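Trainee: Please take me through this model, one topic at a time.

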Amino acid sequence: MLLTIPERGLVLLIGASGSGKSTFARKHFKTTEIVSSDALRAAVSDDEADQSASADAFQLLHLIVAKRLRRGRLTVVDATNVQAELRRSLLHLTEPGTAPATAIVLNLPVDVCVARNESRPDRRVRREVIEQQTRDLLGSLPGLAQEGFQHVYVLDNPQDIDSASILRQPS
Ligand SMILES: Nc1ncnc2c1ncn2[C@@H]1O[C@H](COP(=O)(O)OP(=O)(O)OP(=O)(O)O)[C@@H](O)[C@H]1O
Ligand SMILES: [Mg+2]
């Protein structure tokens, strides 16, 4: 699937832990284009899994996203983004007409996300957490287009995720 993305816009990756957001981001975007909630948790606490650092991390995330969009830089948010409230606060940082937002949903079955979490070398997220994230994601899907995204791309199997390519469109 070819995913067309305005080159000066905001991209939200949406997916449960283990769906492959960070892997997808690394494959398709420059390091400086990616703003990661985990990396920012680590930036303030030395531990990307430290949930007590989330509020600080998201404050920084919003600040960086806002500053990048003001400069017209493509900005990719690598966080689960499964909660409508968090997506809304990010969409507020875009200016209508100038920084269109794109949603890329990595919608994989819970079992795939859990299996990937179990085999990952670093941090692992519990099944219950992944189940809740997946419920939030599935509940979000029907209304995503109405939230203000210009494009919503839903990739719902590993093959579509692996074969996806990104086309940056001048905006
Ligand atoms: N397309 C893929 N094919 C096979 N394995 C993958 C793929 N994408 C990710 N993985 C593996 O799954 C694990 C989780 O991937 P990744 O860290 O990208 O997920 P994530 O969505 O960023 O999770 P989190 O929300 O916890 O940060 C990693 O071990 C990674 O190597
Ligand atoms: Mg990640």
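**Working through the model**

Trainee: Let us start with N81: buried or exposed?
Mentor: N81 is buried, as 23 other C-beta atoms lie within 10 Å. A residue counts as buried with 20 or more other C-beta atoms within 10 Å of its own, as exposed with 12 or fewer, and as partly exposed in between, the C-beta atoms being placed from the backbone. Please note that this is a predicted model, in which local features need pLDDT of at least 70 and side-chain atom pairs count only at pLDDT 80 or more, while totals for chains, interfaces and linings use all residues. Residues are numbered from 1 along each chain as its sequence is written, and chains are lettered from A and ligands numbered from 1 in the order in which they are written.

Trainee: Where is N81 found?
Mentor: N81 sits in the loop between β4 and α4 (84-91). Helices (H or I, at least four residues) and strands (E, at least two) are DSSP runs, numbered from the N terminus. The phi of N81 is positive, near 55°, in a residue other than glycine.

Trainee: And D46, what is its phi?
Mentor: D46 has a positive phi of about 65°, although it is not a glycine. The residue belongs to the loop between α2 and α3, and D46 is exposed, with 9 other C-beta atoms within 10 Å.

Trainee: Changing topic, what is the order of the strands in the sheet?
Mentor: The sheet is open, has five strands with parallel pairing, and runs β3-β4-β2-β5-β6. Two strands pair if DSSP finds at least two bridges between them. At the edges stand β3 (34-36) and β6 (151-155), each with a single partner strand, so one side of each has no neighbour in the sheet. On average, neighbouring strands are turned by 20° against each other, direction ignored.

Trainee: What packs on the sheet?
Mentor: Helix α1 does, touching β2 (10-14), β3, β4 and β5 (101-106), and its direction makes about 160° with that of β4. Angles run from 0 to 180 degrees between N-to-C directions, and axes are lines fitted to C-alpha atoms, for helices over the stretch in contact.

Trainee: How many residues of β5 are buried?
Mentor: Six of the six residues of β5 are buried, so the strand is largely enclosed by the rest of the structure. In a regular strand the side chains alternate between the two faces of the sheet. Here A101, A103 and V105 point one way, while T102, I104 and L106 point the other way.

Trainee: How many bridges join β2 to β5?
Mentor: Five bridges join these parallel strands, and L10 has A101 as its bridge partner in β5. On β5 and β6, the pairing is also parallel, over five bridges, with V152 of β6 as the bridge partner of A103.

Trainee: What is V77 in contact with?
Mentor: Beyond its neighbours within four places in sequence, V77 contacts V11, L12, L13, V35, V65 and L90. A contact means that the C-beta atoms of two residues, placed from the backbone, lie within 7 Å.

Trainee: Now the helices: at what angle do α5 and α6 pack?
Mentor: Helix α5 (residues 110-119) and helix α6 (residues 127-140) pack at about 140°, with their axes 10 Å apart. V110, C113, V114 and N117 of α5 make the contact with R127, I130, E131 and T134 of α6.

Trainee: At what angle do α2 and α3 cross?
Mentor: The axes of α2 (residues 37-45) and α3 (residues 54-70) cross at roughly 115° and come within 8 Å.

Trainee: Last topic: how many residues surround ligand 1?
Mentor: Ligand 1 is surrounded by 16 residues, the closest being S17, G20, S22, T23 and R116. A residue is near a molecule or strand if its C-beta atom, placed from the backbone, lies within 6 Å of it. Helices α1 (21-28) and α7 (158-163) each supply at least two residues of this shell.
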